[in-house]
Number of protein chains: 6
Amino acid sequence: MDKFSYLLPANAAGFKDRYVTKVTECISHYSTGIRGEIGLIGLPFSKSSISHSQAGEAPNTIRDCLSNITTYSGEWKMDFKDKMIVDFGNVAIHPINTEESLSRIYTSIKEIIDSKSCERYIMLGGDHGVSFPSIRAFQEKFGTIGVLQWDAHHDVRNLKDGGRTNGTPFRSLLEGRFVNGEHLVQIGIRDFSNSQEYHGYTKEKGITVYNMADVEQEGIVPLVKQEVERLSKEVDFIYLSVDMDVVDQAFAPGCPAIGPGGVTSRELLGSVAEAAKHKKVKALDIVEIDPSRDFRDMTSRLAAHVMLRFMYIK
Amino acid sequence: MDKFSYLLPANAAGFKDRYVTKVTECISHYSTGIRGEIGLIGLPFSKSSISHSQAGEAPNTIRDCLSNITTYSGEWKMDFKDKMIVDFGNVAIHPINTEESLSRIYTSIKEIIDSKSCERYIMLGGDHGVSFPSIRAFQEKFGTIGVLQWDAHHDVRNLKDGGRTNGTPFRSLLEGRFVNGEHLVQIGIRDFSNSQEYHGYTKEKGITVYNMADVEQEGIVPLVKQEVERLSKEVDFIYLSVDMDVVDQAFAPGCPAIGPGGVTSRELLGSVAEAAKHKKVKALDIVEIDPSRDFRDMTSRLAAHVMLRFMYIK
Amino acid sequence: MDKFSYLLPANAAGFKDRYVTKVTECISHYSTGIRGEIGLIGLPFSKSSISHSQAGEAPNTIRDCLSNITTYSGEWKMDFKDKMIVDFGNVAIHPINTEESLSRIYTSIKEIIDSKSCERYIMLGGDHGVSFPSIRAFQEKFGTIGVLQWDAHHDVRNLKDGGRTNGTPFRSLLEGRFVNGEHLVQIGIRDFSNSQEYHGYTKEKGITVYNMADVEQEGIVPLVKQEVERLSKEVDFIYLSVDMDVVDQAFAPGCPAIGPGGVTSRELLGSVAEAAKHKKVKALDIVEIDPSRDFRDMTSRLAAHVMLRFMYIK
Amino acid sequence: MDKFSYLLPANAAGFKDRYVTKVTECISHYSTGIRGEIGLIGLPFSKSSISHSQAGEAPNTIRDCLSNITTYSGEWKMDFKDKMIVDFGNVAIHPINTEESLSRIYTSIKEIIDSKSCERYIMLGGDHGVSFPSIRAFQEKFGTIGVLQWDAHHDVRNLKDGGRTNGTPFRSLLEGRFVNGEHLVQIGIRDFSNSQEYHGYTKEKGITVYNMADVEQEGIVPLVKQEVERLSKEVDFIYLSVDMDVVDQAFAPGCPAIGPGGVTSRELLGSVAEAAKHKKVKALDIVEIDPSRDFRDMTSRLAAHVMLRFMYIK
Amino acid sequence: MDKFSYLLPANAAGFKDRYVTKVTECISHYSTGIRGEIGLIGLPFSKSSISHSQAGEAPNTIRDCLSNITTYSGEWKMDFKDKMIVDFGNVAIHPINTEESLSRIYTSIKEIIDSKSCERYIMLGGDHGVSFPSIRAFQEKFGTIGVLQWDAHHDVRNLKDGGRTNGTPFRSLLEGRFVNGEHLVQIGIRDFSNSQEYHGYTKEKGITVYNMADVEQEGIVPLVKQEVERLSKEVDFIYLSVDMDVVDQAFAPGCPAIGPGGVTSRELLGSVAEAAKHKKVKALDIVEIDPSRDFRDMTSRLAAHVMLRFMYIK
Amino acid sequence: MDKFSYLLPANAAGFKDRYVTKVTECISHYSTGIRGEIGLIGLPFSKSSISHSQAGEAPNTIRDCLSNITTYSGEWKMDFKDKMIVDFGNVAIHPINTEESLSRIYTSIKEIIDSKSCERYIMLGGDHGVSFPSIRAFQEKFGTIGVLQWDAHHDVRNLKDGGRTNGTPFRSLLEGRFVNGEHLVQIGIRDFSNSQEYHGYTKEKGITVYNMADVEQEGIVPLVKQEVERLSKEVDFIYLSVDMDVVDQAFAPGCPAIGPGGVTSRELLGSVAEAAKHKKVKALDIVEIDPSRDFRDMTSRLAAHVMLRFMYIK
């Protein structure tokens, strides 16, 4: 708007320091022919949640948090301002038909992969129900898939008692043979948050489960390192699925299913950064943040930092 | 618990004045053979809402508000403590299948009517989507039905753009011929909250529409009186459907779609009380309260008083 | 994004009903050559506030509220969906230099007028300090200016005790001879919210003052009608300045200086609509909303409806 | 602090306009020999509340609100800045012994009257339990006492079911013969908020009761005028007791027992101002505000304006 | 309700997974002849709090939190769904008479012990004032009693300055010789939260005090282990009293007296679990949670997990 | 007020235990001739903040928190009740002129130093902009100055893009040669919160920077100890500047620029206590708390404890 001396677009930041680059400045909306390192897709879907959830608002809230974060790591002495992020926008969710919505997510992710416009992918949920169509799409495009799931819960509920809710994504993936039990690793599973039957199911299917006692004893970073190495030999592609309720309620007060005794922010950030180092790790979803219940978007801020630890690697 | 001197059940009120009767003391849970004047049914369904809504929490919140309200009217010098209310509980909602949920509401209301255990019915929503199966059930049991709808919106959206959402119940009732356009009266319709096309649809179908200018000029009580009298000659049964967003946001801050310029609390209470006087008025639903967004349950408190104006009549 | 079946831009509404037009759909960002009926400018400036205020966030919050409001008036049976609104964005505010910020507002409004791209103008504050540069700019472009000010306060504080704060805009306009006292009308002035000295100043300058007792006795609509008619004979251009704290705290809980005993939402909407009818009324500012202290954006929603009553006229 | 150029006491207002007087500037803490027109006493007592209440915090919150209110009435063209208010501080409440606390209130008010340092008295509660010792003290000092009680509730509960709670002050006053039933007027009593038995008790004792239907039909101001005139012929002293829950929840959201259908802010302010005109009206209490549940101190702000309507008379 | 296909009781959970058992499903209300492992008693008493407190609401809030917690420990591979909990309800508290309330608590706990219907006891406060009558009752029934108190404060205030407030329970127990100083262990005492005199009193009485520096240096689990072992040799019965303000404000934001520098959630859960292992540990109280000031019931959720660590032992 | 038996000043605490001394009881307002150990000055300035901030309210909020904190350390077995604190009040801030406000802060601190009434100084901000005039004043009075800065950010922004904002204090100090780069130590600098250019600037100027990785590896206490020792040999006076956003958002939720991955409360308290031991450490500022966005004043409570660790030394 060159004829106006001082006007800025309505949603622009009011203040710009010429020597600071915010992550939002590295984001471009998708257009034909664009290419970037990271693809960003919003999955504003939370109607499959068993309890009420406005997790569907998280993709935009997390994006907003990126406007307060810079591209520079002083610890690594590296600036990532040249790493372009392509924002594909959000998948249009059907108001009431959840199967239709899951199908749209699946189709959209396949179309995005087909566009070959980026190398790594970040999916912002939404509730954990989005991981079923998302992981399925990646599996069908890239071959055998390994999944690291940060979560307080197994998420392998039966489908009879309520259909494909946010408690079922990994059941759906296993039953549909999109993921092999040996290739699923669950980290941060919490006591008194799951049932004996579903714990038995994970054993039966060969899922690797690390509960909070394991995390405390072995350390989350070495444990993740070891599992990424193992998986990398067995699969073509590694997908990280971060259910934010793996984090203790003091550090992530905006999850629908908050509780005490989870991992700290640092344990989450450090372990995602560790996993992200491996070149087969190419996709990340972050789910189960309900901004309407958060305090000062603390949980979305943490999620934005999880994105950075995945995107920006040494 | 006669062996204990001071123990009360966990959810009992801590203090009881022997000379005061609270409405909750007049409520009995349904059991075979029970009979009361009023039947109370919770419809905790809000997954059909276009925007996120926790209106599904309202039935229990409104019930809780009844514990602060007494049975005595000083204005009429009448005590209603002998009017028994039968609480049928809440319809179990399916976590993700909205058609299934609507069907369960429909079936449950028919079963309740069949139980012949009460004379008048109060349905606590939920979002406005519950009125379709509810009114349909009453129509099929009682014959030609007239509906007075307090609402800022017409709620006759097309079904193609999102299915049976909370914006469509009266469309569904009219298209299914459960209600005749001439027997539907909309009160409190607000400017800049509807569209030309849907306004045209109400004209085409013969719906009687009173917007806020009409309410201000004619007065809501005389207007309701006149329409109840007209309907009573044409129908077998009159159903009141109160979408709380007909009320101005200052008086009902907990509706999902709040806005300025609506009716006041007194206009709502006075007009419901006027309608309730007629013996053909036998059912009431109250919808579109999201307790998670309310301030001190003000909107649910108002809804509880709406219940009283319907239940307790001279 | 034609190669993707379901993707929407990140900030797009998730649901679209083909038969409903929202006001936001009628807004275009300014580009050279564009022409529309209404020009919209954000003035996110609140550093001149005597007490802490985040009124600078209101322009974007009010814009967001327009996405919930349709273009159709059922009372007038008119659809305004063809009335284009040109959004010029927000004036860039200097982080600490308030004189510089006031100067940028002044310059920007003159540049916008010079662009000749619209017929009427809406300025969204910010605190009331923005009205000084805004009204001055209009005066210099259009000639003698009349101002209708809805306000609980005179806003004619002396400049010695704190400079050009949000308590001084009309003092600055009068002292600078940009507005003549006879052409300034203050409506809704409240008891125990002003001082004897400033009341004396309004008398001395010939300002017409209607306090709340006047509003209650004469009615706000007839009073506005009479003053618009009077002014229209004496001035070239009429500017409406709406300080939202003219409204009672129950209806506008988000103003920095809330209090009881003000006008109702209906009195505000009705009186702005009355003023807007006159063809010399061509500019409106809305100021003193602090979204960080509001409840569910109630005050910004009311402001959005004030915009509509100004924009959409019979 | 003359050696420092810019230092202000820690709790001083940061900004002072030399031409504006705030009510707080007219308040002096009590010291021997001081004389003022109004005496102000805080009664931070809410342990007698049946339900949990932090009404004990209201005296200080209401005082804080006075710092935003000026001494000038534009409607009357009168400045009250020379009317001195003597602040006696707050009565020290016993942490657990409510009888001791009531006794301290009673003693303190008698001591304050004995100090002969002011002409009219304002007591800031606390819950309604404070009115028993307060009115009793005035009765014993000034003779036959008439009471105008603005209240949604009769507050004449039996003493057996819980002792002297906040539901009993007028029972205690009547039973103790400190007030004669004919000299008690209750205004704004609300339906479904009282019981038949207590309504009967008011009849039996000769209390004059105006419920909300009376207020709506007769108008609150004429009704108060008529009762003050009647009482003034029968009593030596008139005491106003304002339970803020007489106000509708939209205008007074911070009362412990909020509900819809009460008086508006204007009805309250206008009727207190009407009563205050009479020279026998010499004491006012304001009770039942719980600042911890209010929104932006709206209810305390309204209370501060009630104080002004009592203090500042033509 | 077999004649209805889909109706659930009003407060039932909306969704049931057949393979998951929630703790609430293991709770039965007391009835004659019932026997269970754990007895649960609510002590909704907070009128003895020095500062305002709604800790009286905590028993029901903590119970509600149990509906989100399952009976299965994956770390121990044990399901506790067969461990029955008998809920005795809440002690009826007198509205104003605190001595009467303390007496009712004392009597109720003795009556519950006499019912011989359970083996271990959980008391949910309330403020810390409840521990005096509770511990006294257990002492009189079971003999010499040892107490482990998790607390930031000594709670041995003098009784002259305010009677038996929530700052005095252990003073009352020591002075009444219900507990011997050598048998009281205080863990987590915080700097700048107590006074020299009361610290001296603990020394004089032989109380064992571990402050936060001790906790940091020795580790809370070994320290608790050692003290339980010591006490077990000297007493007949060990009682755990958990004042939640021992926890850092980040992890327990809902205590009336929050502050920084306390124990973490894990330190609390781990140390209670350690103590619970010993067979002489048979009673637990959890006090000082004010749900009205908490964020998303985080503190009550933590308290519910404390219950589990006490109830469910290897 | 000896003629009244129970009256307390309006803002006095309601309850006093004769054996407990609160920190507020050790504070005296400045008067000529007074002498104390600690001087306390409020700098309620936040208009230089780049984003909206009400940090100007923090000085009074932090003071209020001192009323809940006692003077006794059980860990050191020392009572500090005889250490007098002189409260100089708050610097009067100009409503709009930030240069004037900075100048008033500078002048006030010099005047306070000149009063020679205390030995150590605590400045309560305000935003970080206050540290420029504050440190400058101390440098000019005491000679070469060393600064330990706890902060997530370098705060060395350029002055061209917005003037002396809260992002620039250390730039201003370095450019003005009030502090030498070698004498500035930054602790807790966080990744993705700064830019490459400003990191480069710190290197160029010789600033010692410890980022969060350093804190985690070396431990914050040893690191602070080492730097205080180094500085003490090179400077005359050591000033501690604590920007509370160095703390993780879970422990300090009320900072304007919150984020995950910062230091814990204990790390902050322990490291300030370590620094405070050295006799050259004589001044402390605490900045960047916005009480309007905090939860239960948690961040101000933590700040009050930081004050104690600085004031009360072994």
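Two residues are said to be in contact when heavy atoms of the one lie within 4.5 Å of heavy atoms of the other. With that meaning in hand, and keeping in mind that the structure shown above is a predicted model, we can begin at the place where chain F meets chain A, where 36 residues of chain F are in contact with 30 residues of chain A.

The area buried between chain F and chain A comes to about 3000 Å², and carbon and sulfur atoms give 55% of it. Within the part that chain F buries against chain A, Asp161(F), Asp191(F) and Phe192(F) supply 26%, which is more than any other three residues. One of these, Asp161(F), also takes part in a salt bridge with Arg18(A), in which the closest N and O atoms are 2.7 Å apart. The count of salt bridges between chain F and chain A is 5, and across the interface of these chains there are 20 residue pairs in polar contact, with both residues of each pair at pLDDT 80 or more.

Which elements of chain F give two or more residues to the side that touches chain A? They are α5, which runs over residues 196-205, and α6, which runs over residues 212-218. Of the contributions to this side of chain F, that of α5(F) is the most, with 4 residues. If the residues on the side of chain F that touches chain A are sorted by kind, they divide into 14 nonpolar, 12 polar and 10 charged.

Other pairs of chains do not meet in this way. Chain C and chain E do not touch, and their nearest C-alpha atoms are 18 Å apart; likewise no contact joins chain B and chain F, whose closest C-alpha atoms lie 18 Å apart.

From the surfaces between chains we can turn to the nonpolar interior. The largest nonpolar core has 178 residues, and those that touch the most other members are Trp150(B), Leu268(B), Trp150(C), Leu268(C), Trp150(D) and Leu268(D). Taking Trp150(C) as an example, and not counting residues up to four places away in sequence, we find that the residues touched by Trp150(C) include Ile187(C), Ile220(C), Val224(C), Leu240(C), Val246(C) and Leu268(C), and also Ser241(C) and Asp243(C).

Two single residues show how differing surroundings can be described. Ile135(E) is found in helix α3 of chain E, which covers residues 131-142, and Ile135(E) counts as buried because its relative accessibility is 0%, where the limit for that word is under 20%. Leaving out residues up to four places away in sequence, Ile135(E) touches Ile145(E), Val147(E), Phe170(E), Leu173(E), Val179(E) and Tyr239(E). Ile313(E) is 178 residues from Ile135(E) along the chain, and the C-alpha atoms of the two are separated by 23 Å.

Asp236(C), by contrast, has its place in the loop between α7 (220-234) and β11 (237-243) of chain C, and because its relative accessibility is 45%, Asp236(C) counts as partly exposed. Although Asp236(C) and Gly143(C) are 93 residues apart in sequence, their C-alpha atoms are 5.9 Å apart in space. Beyond its neighbours within four places in sequence, Asp236(C) is in contact with Phe142(C), Gly143(C), Thr144(C) and Lys280(C). For Thr144(C), the backbone nitrogen lies 2.8 Å from a polar atom of the side chain of Asp236(C).

Finally, some details of the backbone deserve a careful look. In chain A, a cis peptide bond joins Gly125(A) and Gly126(A), with omega about 15 degrees, and Gly126(A) is placed in the loop between β7 (120-125) and α3 (131-142) of that chain. In chain F, the peptide bond from Gly125(F) to Gly126(F) is cis, with omega near 20 degrees, and Gly126(F) is placed in the loop between β7 (120-125) and α3 (131-142) of chain F.

Phe192(D) has a positive phi of about 60 degrees although it is not a glycine. This residue, Phe192(D), lies in the loop between β9 (184-189) and α5 (196-204) of chain D, and Phe192(D) is buried, since its relative accessible area is 3%. Asp297(F), not a glycine, has a positive phi of about 55 degrees; Asp297(F) lies in the loop between β12 (281-287) and α9 (298-311) of chain F, and, at 30% relative accessibility, Asp297(F) counts as partly exposed.

How values were computed: Residues are numbered from 1 along each chain as its sequence is written. Chains are lettered from A and ligands numbered from 1 in the order in which they are written. This is a predicted model: local features need pLDDT of at least 70, side-chain atom pairs count only at pLDDT 80 or more; totals for chains, interfaces and linings use all residues. Side-chain values use heavy atoms; hydrogens and water are left out. Buried area is the accessible area (1.4 Å probe) that two parts lose on being put together, summed over both. A salt bridge is a side-chain nitrogen of Lys or Arg within 4 Å of a carboxyl oxygen of Asp or Glu. A polar contact is a pair of N or O atoms within 3.5 Å; within protein, one must be able to donate a hydrogen and the other to accept it, and residues adjacent in sequence count only if both atoms are side-chain atoms. Ala, Val, Leu, Ile, Met, Phe, Trp, Tyr, Cys and Pro count as nonpolar, Asp, Glu, Lys and Arg as charged, and the others, Gly among them, as polar. A nonpolar core is a set of buried Ala, Val, Leu, Ile, Met, Phe, Trp, Tyr and Cys residues joined through side-chain atoms within 4.5 Å. Buried means under 20% relative accessible area, exposed over 50%, partly exposed in between (1.4 Å probe, protein chains only).
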